[in-house]
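Work through the exercises below with the structure open. Try each task before reading its solution.

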Amino acid sequence: KATELGCKNTNFLNANGLPETYHYTTAYDMALITKWALQQNGFRAVWGAKNYSMPADNVKPTNYNVRTHNNMILENDDYYDSRITGGKLGWTEEAMHTMVSTAEKDGLEIIIVVMFSEHWYEKFIDISALCNYAFNNFNSASILSFSFFKFLNDLTALRRSANILLTKGALSTLRKPIYPRESNVLFTVLY
């Protein structure tokens with residue numbers, strides 16, 4: 001499935017993420033996988049849940065509750081950030097503390113991935129700092145113009161309409177009836 005989603009630097013050998021020889025991924029590929037997962041029915045409810053009730057099964061004969069370790073969505077926590085809408089934390093000896101998270105502000109949703117945080121709390125600090133940078137430096141713009149879409153299509157080989165993140169200065173350029181230069185397009189959102 002990872003290959004189908006466009007992941008070029010991922011090779012999964014198990015579903016649990018635990019280390020194996022030739023089992024690897026990148027932050028970008030994790031963002032692609034998360035983007036796909038967010039589109040699946042019911043995923044967002046679990047992704048952003050503070051508590052979750054697990055039904056009884058053949059291992060645990062009664063229902064039991066699990067609590068998130070994502071401190072960024074717990075209102076009374078020191079690392080709480082109201083922009084964070086969900087996330088998945090991880091740890092392995094090689095990747096250290098990791099986190100994939102989503103954040104939303106003023107209608108712009110972003111996916112943030114951090115890896116190699118030495119201490120458990122550093123991932124929260126890094127996620128928050130990346131949110132600050134993204135929300136302070138980028139805007140979302142829907143591109144409706146066929147001419148601009150053709151330019152974007154030539155630039156990125158996309159075959160459908162897309163949203164792109166632009167610097168605030170580039171956004172004002174888009175409002176003028178000219179084609180933006182390639183240097184104005186800083187980052188393509190995972191549409």
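The exercises cover a pocket and some salt bridges in this predicted model.

**Exercise 1.** Find the volume of the largest pocket, and the residues that lie nearest its centre.

*Solution.* Start with volume: the largest pocket has about 1,400 Å³. Next, take the lining, which consists of 44 residues. Nearest the centre lie Met30, Lys88, Leu89, Gly90 and Thr98.

**Exercise 2.** Work out which element gives the most to this lining, and how the lining divides by class.

*Solution.* First list elements that supply at least two residues each; among them are helix H1 (27-38), helix H2 (43-47) and strand E3 (84-92). Then pick the top contributor: E3, with 6 residues. Finally, sort by class: 25 residues are nonpolar, 14 polar and 5 charged.

**Exercise 3.** Arg44 forms a salt bridge with Glu109. Show which parts of the chain this pair ties together.

*Solution.* Check the distance: the closest N and O atoms are 2.9 Å apart. Now place the partners. Arg44 sits in helix H2 and Glu109 in strand E5, so the bridge links parts 65 residues apart in sequence.

**Exercise 4.** Decide whether Arg83 and Asp81 are buried or exposed.

*Solution.* Buried means under 20% relative accessible area. Arg83 has 14% relative accessibility, so Arg83 is buried. Asp81 has 8%, so Asp81 is buried. These two residues form a salt bridge, with 2.7 Å between the closest N and O atoms.

**Exercise 5.** State how many salt bridges the whole structure has, and describe the one between Glu4 and Lys1.

*Solution.* The search finds 4. The side chains of Glu4 and Lys1 meet at 3.2 Å, N to O. Both residues are exposed.

Key. Residues are numbered from 1 along each chain as its sequence is written. This is a predicted model: local features need pLDDT of at least 70, side-chain atom pairs count only at pLDDT 80 or more; totals for chains, interfaces and linings use all residues. Side-chain values use heavy atoms; hydrogens and water are left out. On a 1 Å grid over the protein atoms alone, a cavity is a set of points where a 1.4 Å probe fits but cannot get out, and a pocket is an open set with protein on both sides within 12 Å along at least five of seven lines; lining residues have an atom within 4 Å of a point. Grid points are joined across faces, edges and corners, and a volume is the space filled by probe spheres set on the points. Helices (H or I, at least four residues) and strands (E, at least two) are DSSP runs, numbered from the N terminus. Ala, Val, Leu, Ile, Met, Phe, Trp, Tyr, Cys and Pro count as nonpolar, Asp, Glu, Lys and Arg as charged, and the others, Gly among them, as polar. Buried means under 20% relative accessible area, exposed over 50%, partly exposed in between (1.4 Å probe, protein chains only).
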